[in-house]
Amino acid sequence: MSLITPLRKEIMQDIKQELEQSGAAVTEIRDKQGRILFNNRIPRTRYFTPDGREEFKIPQHRERRDGVVYDIFIAQGYTLTPPTNLKPYCPSCDMWHDTQEEVDACVEKKSKFMASMNRKASRELLKERKEKDTQITNLEAKVDKLTKLLEAKLGEKI
Ligand SMILES: [Zn+2]
């Protein structure tokens, strides 16, 4: 989940409320490209995030291999009643952990991982650059050799 999505939802909710207060029956809001930003026709269920925020979502169900149908959001930790035992949200994995220490550890683990990925990427970039440099040096040597051969054949400098 990006940061933009919840903010956009909040703005849409505000626009919808304002329109409804002025007497309009809002069923959907579209942007200039015609994409639906807000759709009021599909019934939404009120869920609570493990950190206690209220979110209205279109319920999504999935079937397990053994035939049990489950609610995806409930499986992710959302509840239908306000949670009594609040769990901190983790920006690193976009989920919730039991304790703030676990969140901190998750954030640190990700930043370490990202740092090692960056190091690896710059190492590879450096290697590529060196290979290119070698190729260019070899090509220059070849051109030099060919030029000399040509000059010897023509008997003049080119
Ligand atoms: Zn996490």
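Strands E3 and E4 form a hairpin with five residues between them. In the turn of this hairpin, Gly52 has a positive phi of about 90°. Keep in mind that this is a predicted model, in which local features need pLDDT of at least 70, side-chain atom pairs count only at pLDDT 80 or more, and totals for chains, interfaces and linings use all residues. Residues are numbered from 1 along each chain as its sequence is written.

**The hairpin, up close**
- Strand E3 covers residues 45–48 and strand E4 covers residues 54–57, and the two run antiparallel.
- Four bridges join E3 to E4; two strands pair if DSSP finds at least two bridges between them.
- Arg46 stands opposite Phe56 in E4.
- Here is a handy rule for looking at strands: in a regular one, the side chains alternate between the two faces of the sheet.

**The whole protein**
- Which elements does the protein have? There are three helices and eight strands, where helices (H or I, at least four residues) and strands (E, at least two) are DSSP runs numbered from the N terminus.
- Reading from the N terminus on, the order of the elements is α-β-β-β-β-β-β-α-β-β-α.
- Taken along the principal axes, the box filled by the C-alpha atoms is roughly 95 × 45 × 35 Å.
- The protein has a radius of gyration of 30 Å, whereas a compact globule of 158 residues would have one near 15 Å. This radius is taken over C-alpha atoms, and the globule rule is 2.2 Å times the number of residues to the power 0.38.
- Buried residues make up 3% of the 158 residues. A residue is buried if 20 or more other C-beta atoms lie within 10 Å of its own, exposed if 12 or fewer, and partly exposed in between, with C-beta atoms placed from the backbone.

**Val103, a buried residue**
- You can find Val103 in helix H3, which spans residues 100–154.
- Why does Val103 count as buried? Because Val103 has 20 C-beta neighbours inside 10 Å.
- Leaving aside neighbours within four places in sequence, Val103 is in contact (C-beta atoms, placed from the backbone, within 7 Å) with Pro88, Cys90 and His97.
- Val103 and Pro88 are 15 residues apart along the chain, and their C-alpha atoms are separated by 7.3 Å.

**Asp94, an exposed residue**
- Asp94 sits in the loop between strand E7 (89–90) and strand E8 (95–96).
- Asp94 counts as exposed because it has 10 C-beta neighbours inside 10 Å.
- Although Asp94 is not a glycine, it has a positive phi of about 60°. Most residues other than glycine have a negative phi.

Key. Two residues are in contact if their C-beta atoms, placed from the backbone, lie within 7 Å.
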